[in-house]
Amino acid sequence: MSSAPVRLVHSLWSFALRLLTDPTYFTALAAFVILGDAVLTQLIIRFIPYTEIDWETYILQLELYLNGERDYARITGPTGPIVYPAGHIYVHQLLYTLTNSGLSLWKAQEIYAALYLASLALTAAIYKQAGGVPNWVLLLLPLSKRLHSIYVLRLFNDCWAVVAAQAAVLAFGHGWDAVGIALLGFALSVKMCVLLYVPGLLVILFRRRGLLSTVLHMLALAGTQLLIGLPFLLHHPWSYLKNSYEFSRVFLFKWTVNWRFLGEETFLSPTWARTLLAAHVGTLVLFGLFKWCRSDGGVWRVLERGLRSPARAPSAAPLTADYVTTVLCTSNLIGILFARSLHYQFFAWYALQLPFLAWRTRYPLPVRLALLLAIEYAWNVYPSTALSSGVLLGANVALVMGIWFGYPEGRAPPQAKAAKTE
């Protein structure tokens, strides 16, 4: 008589194990995770107070635009002048319409909740497309306190750039490079952080399509910025370019999450900025020379084939989604590692990529989880301390080094896959 309950428990246990371990159940588990996080996000909106930081400034800046102002130098708000490209304005023009001129915060929070869930769904799709990550890792994605705050309790514009960039990564993984360029162009028009993907993207496009096509795709990316910024470029071009794509801007030391242990004088010094830039470029060059073309005979062979026949793809094998995703996310991680200042909202730039990147290392499972926990800890210490910024630096460095000695081209390099199909 007790066999029926026992069979039920056994069936539920078997189903749970399949959800957590069987790749064929990856999508089902992703759906459960997204549904559960939707409930969690609503509870956060309901019970945790909203904190005003930049939303009011976004709206006031937008109203100046709606009133006819096209000089970026004169579009300002309570926290300062506008420092984002024109896509930021168009996004908030839509939000302005949907939120009763920005006054209905609960509507804005619900829109950002939907945006957060879209980000989660895109992340799951990227993980599934690339492979090499066990199902149960999806359970780690909703656990970030800071990430929920960035989306639904702060309403930062970074979220729009991140979601568009995630969609671009998914498109590039599919080989839909034109779609990927359009999506990355939109993301870049909201926030310049998306430029961190470009070094990795150059390697992918060159290997996949050749020199000429790579140049054309980069021109198309630049063209999206010209098109989106046209209303401002036609009236005050220098003001727009200077304020929306300013590379020399120095962030305040008081808000930084990283490099806190250096002290303000060193942090703000031009010498330190140049040092970080050199380290950033140098690390990218090392990955390009020794890691990202390894499966195709090395970078010099790829360059030789690409320059000899610029209209043809120099890669001997189709690039896998695993390779594309790993290179793009690693390129982004390297940029974050060497950024002079990381504000709290910048965590969104790579938060949902961290588990994927941890599984591109050869570290034992406890070390991978410890790195993820350390990074989450560092981003949740407010204000940041010498200890928290040191922990963040150490974890980010360990992750980059782990990828270097682990799977910098993904767990299934393109050449290995091609060998099976020949």
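Predicted model: local features only at pLDDT ≥ 70, side-chain atom pairs only at ≥ 80, totals over all residues.
Residues are numbered from 1 along each chain as its sequence is written, and side-chain values use heavy atoms, with hydrogens and water left out.

Stay with R208, which sits in helix 9 (helices are DSSP runs of H or I, at least four residues, numbered from the N terminus). R208 counts as buried because its relative accessibility is 18%, and the cut-off is under 20% with a 1.4 Å probe and protein chains only. Now show what R208 touches: beyond residues up to four places away in sequence, the list includes F172, G175 and L319 (heavy atoms within 4.5 Å).

Next, select helix 7, residues 158–174. Of its 17 residues, 16 are buried. G175 follows helix 7 and has a positive phi, near 90 degrees.

Finally, go to the largest pocket, with about 1,800 Å³ of space (an open set of points on a 1 Å grid where a 1.4 Å probe fits, with protein on both sides within 12 Å along at least five of seven lines; lining residues have an atom within 4 Å of a point). Select R249, F251, S341, F346 and W349, the nearest to its centre among 50 lining residues. Then colour helix 14, which gives the largest share of the lining, five residues.

Terms used. Helix = DSSP H or I, 4+ residues; strand = E, 2+ residues; numbered from the N terminus. Expected span 1.5 Å × (residues − 1). Buried < 20%, exposed > 50% of the residue type's maximum accessible area, 1.4 Å probe, protein only. Points joined across faces, edges and corners; volume = space filled by probe spheres on them.
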